[in-house]
Amino acid sequence: MKPVTLKHVFILTAAAVFFSLIPVHTEALEWPVVKPEIKSQFGQETAYSVERGLILEGEPTVRTAGDGILLTIISESSNMTGFPSTLGNAVLMSHDDGLVSIYGNLKDTNRISGRVQIEKNTVLSTTGKTAWGNRENICIFQIMDQKQEVFLNPLLLLPPVEDNRSPVIKNVFLESASGQVFETGNPRRLRSGTYKIYALITDTYTRNPVELAPFRISVIINGIESISVPFETLRETGGMLVPKVTPPYLDGTVPLYNKDGFIYAGDVSLTRGRTEITVSARDFSGNERASVVMVQVD
């Protein structure tokens with residue numbers, strides 16, 4: 001089954017234009033479940049693409065993260081042709097500034113049916129039915145920005161999570177234009193030219209041992225930042241979900257993750273001389289770790 005896409009939400013939003021005239025006040029969002037633990041993070045590799053939001057484990061009651069207007073309900077019993085989803089039973093709410101919050105893996109949608117304007121912390125349902133295999137205590141939570149046509153990292157709007165652990169950079173390698181791979185753990189001489197950089201990076205929270213994606217990856221060449229990959233937004237490009245990066249090298253022709261789970265960090269041009277290559281990973285709390293390698297470029 002295919003996931004909900006931005007196109008689907010834009011179609012549903014057009015049908016709800018009348019409700020957009022009702023005033024809604026934007027404010028910081030609250031966690032949709034009590035005592036949440038992140039099991040899969042925004043930008044993390046999934047079986048079909050990359051994670052569009054957060055997969056949260058916590059108490060089974062799911063509440064609205066903010067004041068909003070009921071946009072639509074996705075129910076397995078509704079047989080919504082043309083709207084396939086791995087969300088299971090789900091509720092979509094619209095907020096100020098073109099934001100849409102999505103709550104998936106709901107046991108049912110009976111509590112919210114027939115409502116229009118909904119206040120923050122309103123009980124939507126309990127968890128329990130999705131492609132996760134009827135797994136309880138799992139909540140799918142996503143945020144879309146309709147104006148920018150992107151998925152937004154929910155952590156940008158939610159209360160902070162306690163975290164003092166830095167990401168772990170497990171491996172980094174360079175790939176030449178001819179496809180030859182050079183492990184940075186084994187410094188060697190390289191020919192001048194353009195190289196793709198791939199990094200295997202994971203992150204954990206203080207009270208959560210699950211390996212997650214980092215928040216930002218940077219590549220620094222001789223002290224100058226060459227590439228920045230922030231997991232702040234995801235946009236559909238060429239049928240793929242990719243973050244907004246600097247420079248904008250992700251055009252939908254190369255996936256963000258390779259087959260071994262390495263993140264494609266971008267291309268660097270190496271010229272003759274001794275070169276310092278630094279790959280830096282940072283989490284949402286600001287904890288950072290860097291891996292530095294010196295290479296001789298001929």
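Me: Which residue in strand 22 is the bridge partner of Leu190?

Reply: That's Val297. Keep in mind that this is a predicted model, where local features need pLDDT of at least 70, side-chain atom pairs count only at pLDDT 80 or more, and totals for chains, interfaces and linings use all residues. Residues are numbered from 1 along each chain as its sequence is written, and side-chain values use heavy atoms, with hydrogens and water left out.

Me: What makes strand 13 and strand 22 a pair?

Reply: Strands here are DSSP runs of E with at least two residues, numbered from the N terminus. Two of them pair if DSSP finds at least two bridges between them. Strand 13 (residues 189-190) and strand 22 (residues 288-297) have two bridges, in the parallel sense.

Me: And how many bridges join strand 21 to strand 22?

Reply: 10 bridges, and these strands run antiparallel. Ser280, for instance, has Ala290 as its bridge partner in strand 22.

Me: Okay, rings now. How many aromatic pairs are there?

Reply: Six. The rule takes rings of Phe, Tyr and Trp (its six-membered ring) with centres within 6.5 Å; planes under 30 degrees apart count as stacked, over 60 as edge-to-face and the rest as tilted.

Me: Why is the pair of Phe173 and Tyr198 called stacked?

Reply: Their ring centres are 5.0 Å apart and their planes sit at 15 degrees, so the pair is stacked. Phe173 is in strand 11 and Tyr198 in strand 14, so the pair ties together parts 25 residues apart in sequence.

Me: Are those two buried or exposed?

Reply: Phe173 and Tyr198 are both buried, with buried meaning under 20% relative accessible area, exposed over 50%, and partly exposed in between (1.4 Å probe, protein chains only).

Technical notes. Helices (H or I, at least four residues) and strands (E, at least two) are DSSP runs, numbered from the N terminus.
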